[in-house]
Amino acid sequence: MPSDPTLVIGLICLVVFLWLIAAPLLAVFWDMFTSQPGDGHRTHVADGAFTAYYLERAFASRMSEIIFLRPLMNTLTIAVSSTVLALGLGTVLAWLLVRTDMMGRGWLSAALIIPFMLPAWTFALAWTTIFKNAKIGGQPGLASSMGFDAPDWLAYGAVPSIIIMTLNYIPFVIILVGNALRRFDGQLEDAARILGAGPRTAFRLVTIPLMRPAVLSACLLMFADAIGEFSVPYVLGLPVQFETLATSLYRAIGTQQNGMAAVFAGVVMAIGIVTLGIDTWMMRETRRYAIIGGKGTASRETTLGFWRIPAVVSALSVFTLGVILPLGALMLSTVMHVPGRFGAENFTFAYWIGTNLPTPAVPTGILLAPEFWSAAWNTLRIVGIASISAGLLGMVVGYVVVRSPWRTLSVLLRQITFFPYLVPGIAFAAAFLVLFAVPRGPIPALYGTPWILLLALIADQMPFASRAGISSMTQLGREVEDAARMVGAGWLRRMRSIILPINKGALVAGILMPFVSGIKGVSLFIMLAVPSTDVLSTYSLRLVDYNYTQAANAVVLMISAIAVLGTLLINRLTGTGLARGLES
């Protein structure tokens with residue numbers, strides 16, 4: 001190998017990521033305009049020929065309202081409502097944690113971030129555990145068992161989806177806005193007051209304009225994520241036929257309506273790309289302005305006085321609603337035969353370690369079920385290998401981006417590895433399914449094998465891994481590597497003995513972040529996994545479909561524990577506080 005094969009390695013990486021990232025997305029748009037097998041009687045053209053049938057059916061047919069417009073409006077309703085609510089509550093909490101003398105700020109700063117570490121459908125399952133009514137049969141929810149039969153609008157559909165996604169997004173706002181407040185120079189507010197501005201005027205004319213980029217960034221990122229959210233509307237929407245774009249996409253794939261699935265995927269991708277593109281442009285514009293101060297930043301605490309107790313009670317209430325109540329409800333349901341009965345005879349560990357249970361598909365407790373351990377092994381094997389691969393590839397990408405003599409190659413690699421972040425997971429999974437479900441040249445059909453999950457997860461996690469690699473390589477000068485080259489060390493030797501050891505912190509973060517994200521994720525797996533390749537997330541949703549509440553909740557608790565422990569490990573290894581580490 002040449003002493004400096006950076007250009008060759010960069011070109012190989014570019015080809016690989018064009019195949020793993022660009023090709024699936026292009027395949028989706030191709031399927032929008034080509035007649036799919038079996039649709040000839042509808043499209044009136046041969047299979048594979050150009051057609052506008054799928055677009056016309058979605059946007060301009062008599063069925064458009066049912067097929068497309070209603071799911072679109074449901075999606076926008078959830079996305080806009082949860083974004084606005086989370087933005088308002090999260091911004092207030094961030095201000096209380098950073099800029100006031102509220103009691104317990106240190107502990108609450110970490111505690112209020114915990115919902116960000118949990119899978120979103122943890123809250124959805126907790127909601128059904130509490131408020132499930134007789135609509136779908138099976139065991140009643142805790143509230144129903146205790147005498148309160150929740151109406152459909154409260155148990156399922158838009159209202160609970162908005163509440164749950166709001167609770168899940170509040171920590172995200174706290175992270176972004178809180179860190180912006182920490183960096184804010186309080187001397188600017190002091191200068192405004194010296195010039196005669198009152199506290200409200202200083203807040204309106206100084207603080208709000210300078211905080212606007214962080215607030216708008218949080219808003220756009222939450223909105224883009226909510227557009228592609230699948231698990232929450234899947235769990236809470238199906239009983240009342242509440243469809244979103246993500247669930248409509250899943251249903252179209254399940255009924256082999258590949259052309260319509262391509263339309264749904266294309267719309268979700270377009271909304272996500274435009275939204276996050278606006279965010280990227282706004283942050284670039286923000287960097288054109290700098291706050292210059294000779295003495296550095298100085299934070300000013302607001303004395304709450306009488307409001308100190310109500311503030312801490314409000315923060316604790318959010319913690320209770322976002323952590324204690326959902327996890328407590330899930331845990332309680334797993335040790336009860338019938339929800340809501342608190343007699344000693346009703347408590348049991350059978351759903352964890354029991355045998356001969358009255359659930360034919362899972363006749364033993366979760367910890368004794370072979371299917372659970374098979375799903376756990378698949379999770380660790382697929383997610384673990386994908387995370388290690390993504391972490392190493394991220395370091396290689398970072399090396400090429402920083403060291404490449406060809407700037408165009410650096411720009412292309414940086415952009416293409418970030419692109420999956422712009423595409424919601426459910427749409428990215430659909431894109432992979434379109435490309436790899438059938439043989440393509442020398443590549444066999446991968447659907448039904450662990451390979452499609454592995455490759456999709458590597459591609460989906462490259463934004464995290466590549467940014468970790470680029471950030472670490474940017475801070476590493478050429479001098480150490482030049483010295484090794486002068487004594488005859490080849491590229492592999494330099495990478496193995498110098499680059500990776502020096503950047504081991506970034507490498508660990510680049511592996512663990514995709515691992516935790518993969519453990520929590522459901523959108524990729526629900527589209528690409530089959531029973532033989534079940535992971536913990538898809539296994540738990542299959543239990544939900546069977547109406548096995550206790551078993552499904554037990555699996556979700558195991559996933560949540562792994563995700564929380566993994567996130568804490570990331571922050572310990574990187575030496576950052578919880579909120580600041582998650583922001584980075």
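**Entry 1: the whole chain**

I began with contacts (heavy atoms within 4.5 Å). Among contacts between residues at least 6 apart in sequence, 73% join residues at least 24 apart.

I noted the ground rules next. This is a predicted model, where local features need pLDDT of at least 70, side-chain atom pairs count only at pLDDT 80 or more, and totals for chains, interfaces and linings use all residues. Residues are numbered from 1 along each chain as its sequence is written, and side-chain values use heavy atoms, with hydrogens and water left out.

Then I looked up the helices and strands. These are DSSP runs numbered from the N terminus: helices are H or I with at least four residues, strands are E with at least two. The chain has 28 helices and 0 strands.

How much of the chain is buried? I used these cut-offs: buried is under 20% relative accessible area, exposed is over 50%, and partly exposed is in between (1.4 Å probe, protein chains only). Buried residues make up 53% of the 584 residues.

I also looked up the accessible surface (Shrake-Rupley method, 1.4 Å probe; for residues, only the protein chains shown count as cover). The chain's total is about 26300 Å², and 67% of that belongs to carbon and sulfur atoms.

**Entry 2: the nonpolar core**

A nonpolar core is a set of buried Ala, Val, Leu, Ile, Met, Phe, Trp, Tyr and Cys residues joined through side-chain atoms within 4.5 Å. The largest one here has 176 residues. Met102, Leu249, Phe432, Met527, Leu528, Tyr539 and Leu543 have the most contacts inside this core. Helix α10 (residues 158–183) gives the most to this core, with 13 residues.

Leaving out residues up to four places away in sequence, Met527 touches Leu249, Tyr250, Ile253, Ile426, Ala429, Ala430, Leu433 and Tyr447.

I checked α14 (residues 245–254) first. This helix is mostly covered, with 7 of its 10 residues buried. They are Leu245, Ala246, Thr247, Ser248, Leu249, Ala252 and Ile253. Gln256 follows α14 and has a positive phi, near 60 degrees.

Helix α26 (residues 536–545) is also mostly covered: 7 of its 10 residues are buried. I listed Leu536, Ser537, Thr538, Tyr539, Ser540, Leu541 and Leu543.

**Entry 3: positive phi values**

Most residues other than glycine have a negative phi.

Asn547 sits in the loop between α26 and α27 (549–574). Asn547 is partly exposed, at 28% relative accessible area.

I found Gln241 in the loop between α13 (231–237) and α14. Is Gln241 buried or exposed? Gln241 counts as exposed, at 63% relative accessibility.

Thr6 is in helix α1 (residues 6–32). Thr6 counts as buried because its relative accessible area is 2%. What does Thr6 touch, not counting residues up to four places away in sequence? I found Tyr399, Val400, Arg403 and Ser404.

Leu11 is partly exposed, with a relative accessible area of 37%. Leu7, Leu11 and Trp406 make a nonpolar surface patch of about 270 Å². Patches are made of residues with over 30% relative accessible area and no salt bridge; like charges are joined within 9 Å, nonpolar side chains (Val, Leu, Ile, Met, Phe, Trp, Tyr) within 5 Å. A salt bridge is a side-chain nitrogen of Lys or Arg within 4 Å of a carboxyl oxygen of Asp or Glu.

Gln36 is in the loop between α1 and α2 (40–43). Gln36 counts as buried, at 8% relative accessibility. The Gln36 side chain reaches the backbone oxygen of Thr34 at 3.0 Å. Gln36 also touches Asp31, Asp47, Tyr54, Asn258 and Gly259, not counting residues up to four places away in sequence.

**Entry 4: Met222**

Met222 lies in helix α12 (residues 199–227). Met222 counts as buried because its relative accessibility is 1%. I looked at Tyr169, which is 53 residues from Met222 along the chain. Their C-alpha atoms are separated by 6.9 Å. Beyond residues up to four places away in sequence, Met222 touches Thr83, Ala86, Leu87, Tyr169, Phe172 and Val173.

Definitions and conventions
Polar contact = N/O pair within 3.5 Å; in protein donor to acceptor, adjacent residues only side chain to side chain.
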